Amino acid sequence: MSGTTAPTTARTAARRRPFGVRGAPYAFLIPAIVLFLLFFALPIGYAVHLSFRKVEVSGLGLGAGAREEVWAGFQNYADALTDGELLAGALRVLAYGCVVVPVMLGLALLFALMLDSEKVRFTPVTRLAIFLPYAIPGVVAALLWGFLYLPDVSPFYFVLDRLGLPQPDLLDGGPLYLALSNIAVWGGTGFNMIVIYTSLRAIPAEVFEAAKLDGASPLQIALRIKIPMVAPSLVLTFFFSIIATLQVFNEPTTLKPLTNSVSTTWSPLMKVYQDAFGNGDVYAAAAQAAIIALVTLVLSFGFLRAANRRDKQEATR
C-alpha cells in the first residue's frame, strides 16, 4: 500500500509547487534552444528554401525588376545530380576516405592498446604527445604540412638531396591523396585514440586477471578481449570519421595555392563554396549542400542501424 501511495504523494507535491520552481529546468534550456534555432535550424531551413528557387532574368538583365527570384522546383537538384564536377569531387573524396579512415582508426586503436599496456612508461606524456596534433587548428596544420611538402623550402627534401635519394613530388598526381590523407591522419588520430583509450580504461581489471590466470598472452588479451569490448567506441569513431571525410574542405583549400593539382572544385564542399561565392549562384550551391547533407544523413543512419542490428544479434546468442 505504501508503495502505491508514495508516487501519488510525490506527484501531488510536484503539482503544488510554484510554477517558477516547476519551470526552472525549462528556463535553463531556453538559451540553448534559442542558439540552436538561430544558428543551426534557421540557416538549414533557409538553405533548403533557396535550393528550390532561382533567378529569372528578363531582357538584358538591366534595370529594376529585370532579375526576379522565382520558384525552380527540383531543377537545382537535377542539375546538381548531373553535374560532372560535383560527381568527380565525390569520387575524389571517396578515394581520400579509403586512405584516411582505415589508417587513422588503425593507428588510434594501436596507440590506445599500447598505452593500456602495463609495460608502457610515461603514459601521461605519451598520451598528451599523441593527442596534441588534434589541438592544432586544421588550417594551421595544413599550412605546416604544405611547407614541408614544398621542395624549395622543405627540410625533408634538403636531406634527401644531400643523401642522393629521389625527391617525390607530393603535391601532384597520386601522391597528392597521400599528402592530404597524412594531414587528416596526423590531426585526427589523437582524438580517436582518446575515445578508444577511455573505453579500455573502463574495462574491469578482473577481466584481464581472469584471462591471465587462464594462460592468455598480452596479444591474445588484446585481440580477444580488449578489441571486442571497445567495439562501440570503434563504431563511434568510425561514424565521426566518415562525417569528417565527407566534409573535407580545409586541407585541399589550404594547399590549393601551392599546387595546380587541386582545383577549386576538388571536393564537394569546395564546389559548393565556389558556386556560392565564386560564381554567385547561391541557389545551386544550396541544392548541392542539401544533397551532401542528405547523403551524410543516409550513410550515418544506415551505418548506425547496421551496427545496432549486429549488437542485438550478438546479444541474443
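Predicted model: local features only at pLDDT ≥ 70, side-chain atom pairs only at ≥ 80, totals over all residues.
View 1. Is Val48 buried or partly exposed? With a relative accessibility of 35%, Val48 counts as partly exposed. Val48 also belongs to a nonpolar surface patch of about 790 Å².

**View 2. Inside the largest nonpolar core.** Nonpolar side chains tend to be buried together in soluble globular proteins. Here, the largest nonpolar core has 21 residues. Among those with the most contacts inside this core are Tyr96, Tyr149, Leu180 and Trp266. Helices α5, α7 (138–149) and α9 (175–201) each give two or more residues to the core, and α9 supplies the largest share, with 6 residues.

View 3. Two rings can be described by how far apart their centres are and by the angle between their planes. The model has 15 aromatic pairs, and one of them is Tyr96 with Trp266. Their centres sit 6.4 Å apart and their planes make an angle of 85 degrees, so the pair is edge-to-face, a label that needs over 60 degrees. How many residues apart are the two in the chain? They are 170 residues apart: Tyr96 is in helix α5 (residues 84–115), and Trp266 is in the loop between α13 (250–255) and α14 (268–278). Both are tucked away: Tyr96 is buried at 3% relative accessible area, and Trp266 is buried at 2%.

View 4. Side chains of opposite charge can pair up when their charged atoms come close. Lys271 forms a salt bridge with Asp83, with the closest N and O atoms 2.9 Å apart. This pair links distant parts of the chain, since Lys271 is in helix α14 and Asp83 is in the loop between α4 (75–81) and α5, 188 residues apart. Lys271 also bridges to Asp275, at 2.5 Å between the closest N and O atoms. Asp275 and Lys271 share helix α14 and are 4 residues apart, about one turn of the helix. Together, Asp83, Lys271 and Asp275 are linked in a network of salt bridges. Lys271 is buried at 3% relative accessibility, Asp83 at 18% and Asp275 at 8%.

**View 5. A salt bridge between Asp116 and Arg201.** These two side chains meet at 3.2 Å, N to O. Asp116 is in the loop between α5 and α6 (123–131) and Arg201 is in helix α9, so the bridge ties together parts 85 residues apart in sequence. Asp116 is buried, at 8% relative accessibility, whereas Arg201 is exposed, at 52%.

Conventions. Residues numbered from 1 in each chain as written. Heavy atoms only, no water. Phe/Tyr/Trp six-rings, centres within 6.5 Å; stacked < 30°, edge-to-face > 60°. Buried < 20%, exposed > 50% of the residue type's maximum accessible area, 1.4 Å probe, protein only. Patch = residues over 30% accessible without salt bridge, like charges linked within 9 Å, V, L, I, M, F, W, Y side chains within 5 Å. Areas by Shrake-Rupley, 256 points an atom, 1.4 Å probe, with all protein chains shown as cover. Salt bridge = Lys/Arg side-chain N within 4 Å of Asp/Glu carboxyl O. Core = buried A, V, L, I, M, F, W, Y, C linked by side-chain atoms within 4.5 Å.
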